[in-house]
Amino acid sequence: MRKRLVAGNWKMNTDMQDGYRLLKDILDGVREDELNACEVHVYAPFTHLKIFSNTLNGSGIGLGAQNCHQESVGAYTGEVSAEMLASVPVQHVLLGHSERRQYFNESNAVIAQKVDQALANGLKVIYCYGETLEERESNKHFEVVETQIREGLGHLSADQWSDITLAYEPVWAIGTGKTASAEQAQEIHAHSRDLISKMTNGDVANATRILYGGSVKPGNAGELFGMADIDGGLIGGAALNADSFKGIITA
Ligand code: PGA
């Protein structure tokens with residue numbers, strides 16, 4: 001069965017000292033039986049990755065970056081390649097986050113190239129997708145998420161899907177304190193799983209984890225994670241506090 005996953009997306013938060021302290025608090029607080037039951041990842045700023053990689057080595061907590069560039073190497077000042085990330089080493093990368101789509105104009109086509117770079121360098125991917133409030137209010141949410149999944153991941157072989165986790169994050173629920181109801185999330189997750197089945201096959205669809213993200217907290221995590229097709233969470237704000245992150249892992 002699908003092992004649950006709780007992933008902390010730190011975004012552009014914490015300097016080196018605060019970040020290290022937070023990581024240590026998470027490391028000290030998460031119990032071994034919890035790590036057996038639930039995978040835990042931290043998606044930290046680029047500057048933190050090397051030290052975090054050393055600190056987390058052998059801990060059972062996975063480490064990821066929040067982005068990588070779509071080209072493999074070259075004159076792209078300020079960018080970081082998937083190969084660089086793999087050499088740190090980190091094991092995971094978050095791609096297609098709505099903040100990347102919105103503020104950095106990342107299209108599905110560019111994200112598809114990033115996915116290829118990540119997989120070619122042995123990284124596992126969390127692929128984020130989700131509709132805006134306007135899209136939901138005009139009843140386009142199913143269509144929007146289907147296009148995001150097809151255009152970002154439709155070119156992958158069934159084998160490549162073993163390195164993909166989806167994260168449904170309705171844009172209107174990110175950092176707003178508004179969570180999708182467990183039923184609203186479940187409805188999209190079931191639809192996404194059905195789509196994966198059509199794009200690949202039933203086995204791949206059953207094995208692929210689909211996380212929910214958007215204002216997940218210790219108080220609402222249990223209900224969300226109790227839904228049939230919700231396999232864990234991608235956590236923003238609540239991942240910046242060791243106690244609330246641990247509370248979500250316990251849930
Ligand atoms: P949030 O962010 O938990 O602060 O809503 C989630 C995310 O952006 O991944």
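Where is Asn-105 found? Asn-105 is in the loop between α5 and α6 (108–120). This report describes that residue and several other features of a predicted model.

## Backbone features in loops

The phi angle of Asn-105 is near 50°, which is a positive value in a residue other than glycine. Asn-139 also has a positive phi, near 65°, and is likewise not a glycine. Asn-139 belongs to the loop between α7 (133–137) and α8 (141–153). Most residues other than glycine have a negative phi, and most peptide bonds are trans.

Asn-105 has a relative accessible area of 67%, and it is exposed because this value is over 50%. Asn-139 counts as exposed too, at 62% relative accessibility. Another backbone feature is the cis peptide bond that joins Val-88 and Pro-89, where omega is about 0°. Pro-89 lies in the loop between α4 (82–87) and β4.

## The surroundings of the ligand

The ligand has 13 residues around it, and those that come nearest are Lys-11, His-97, Glu-169, Gly-175 and Ser-215. The shell consists of 4 nonpolar, 7 polar and 2 charged residues.

For Lys-11 the distance is 2.7 Å, for His-97 it is 2.7 Å, and for Glu-169 it is 2.6 Å. Of the 280 Å² of accessible area that the ligand has on its own, the protein covers 95%.

## Two histidines

His-97 is located in the loop between β4 (92–95) and α5 (98–103). Is His-97 buried or exposed? With a relative accessible area of 4%, His-97 is buried, because the value is under 20%. Leaving out residues up to four places away in sequence, His-97 touches Asn-9, Lys-11, Cys-128, Glu-169 and Ile-174. Lys-11 and Glu-169 are also among the residues that come nearest to the ligand.

His-41 is part of strand β2 (residues 38–43). At 2% relative accessibility, His-41 counts as buried. The side chains of His-41 and His-92 are joined by a polar contact of 3.4 Å. Beyond residues up to four places away in sequence, the residues that His-41 touches include Leu-5, Val-6, Gly-62 and Phe-245.

## Lys-178 in its loop

Lys-178 occupies the loop between β6 (164–168) and α9 (182–199). This residue is partly exposed, with a relative accessible area of 46%. Apart from its neighbours within four places in sequence, Lys-178 is in contact with Trp-172, Ala-173, Gly-214 and Ser-215. Ser-215 is also one of the residues that come nearest to the ligand. Val-110 is 68 residues from Lys-178 along the chain, and the C-alpha atoms of the two are separated by 29 Å.

## Salt bridges

How many salt bridges does the structure hold? The structure holds 15. In one of them, the side chains of Arg-193 and Asp-229 meet, with an N to O distance of 2.6 Å. Arg-193 lies in helix α9 and Asp-229 in the loop between α11 (218–225) and β8 (232–235), so this pair ties together parts that are 36 residues apart in sequence. Both Arg-193 and Asp-229 are buried. They belong to a network of salt bridges that links Arg-2, Arg-193, Asp-229 and Asp-231.

Glu-131 and Arg-136 form another salt bridge, at 2.7 Å from N to O, and both residues are buried. A further salt bridge pairs Asp-194 with Lys-198, whose closest N and O atoms are 3.6 Å apart. Both residues lie in helix α9, 4 residues apart, which is about one turn of the helix. An α-helix has 3.6 residues a turn, so residues three or four places apart point the same way. Asp-194 is partly exposed, with a relative accessible area of 41%, whereas Lys-198 counts as exposed at 62%.

## Helix α12

Which residues of helix α12 (residues 242–250) are buried? They are Ala-242, Ser-244, Phe-245, Ile-248 and Ile-249. The elements that cover them include β1 (4–9), α1 (16–29), α2 (32–37), β2, α11 and β8. Phe-245 is also among the residues that His-41 touches.

The N-terminal end of α12 is capped by Asn-241. A side-chain oxygen of Asn-241 lies 2.9 Å from the backbone nitrogen of Asp-243.

Conventions: Residues are numbered from 1 along each chain as its sequence is written. This is a predicted model: local features need pLDDT of at least 70, side-chain atom pairs count only at pLDDT 80 or more; totals for chains, interfaces and linings use all residues. Side-chain values use heavy atoms; hydrogens and water are left out. A residue is near a molecule or strand if one of its heavy atoms lies within 4 Å of it. A polar contact is a pair of N or O atoms within 3.5 Å; within protein, one must be able to donate a hydrogen and the other to accept it, and residues adjacent in sequence count only if both atoms are side-chain atoms. Accessible areas come from the Shrake-Rupley method with a 1.4 Å probe; for residues, only the protein chains shown count as cover. Ala, Val, Leu, Ile, Met, Phe, Trp, Tyr, Cys and Pro count as nonpolar, Asp, Glu, Lys and Arg as charged, and the others, Gly among them, as polar. Buried means under 20% relative accessible area, exposed over 50%, partly exposed in between (1.4 Å probe, protein chains only). Contact means heavy atoms within 4.5 Å. A salt bridge is a side-chain nitrogen of Lys or Arg within 4 Å of a carboxyl oxygen of Asp or Glu.
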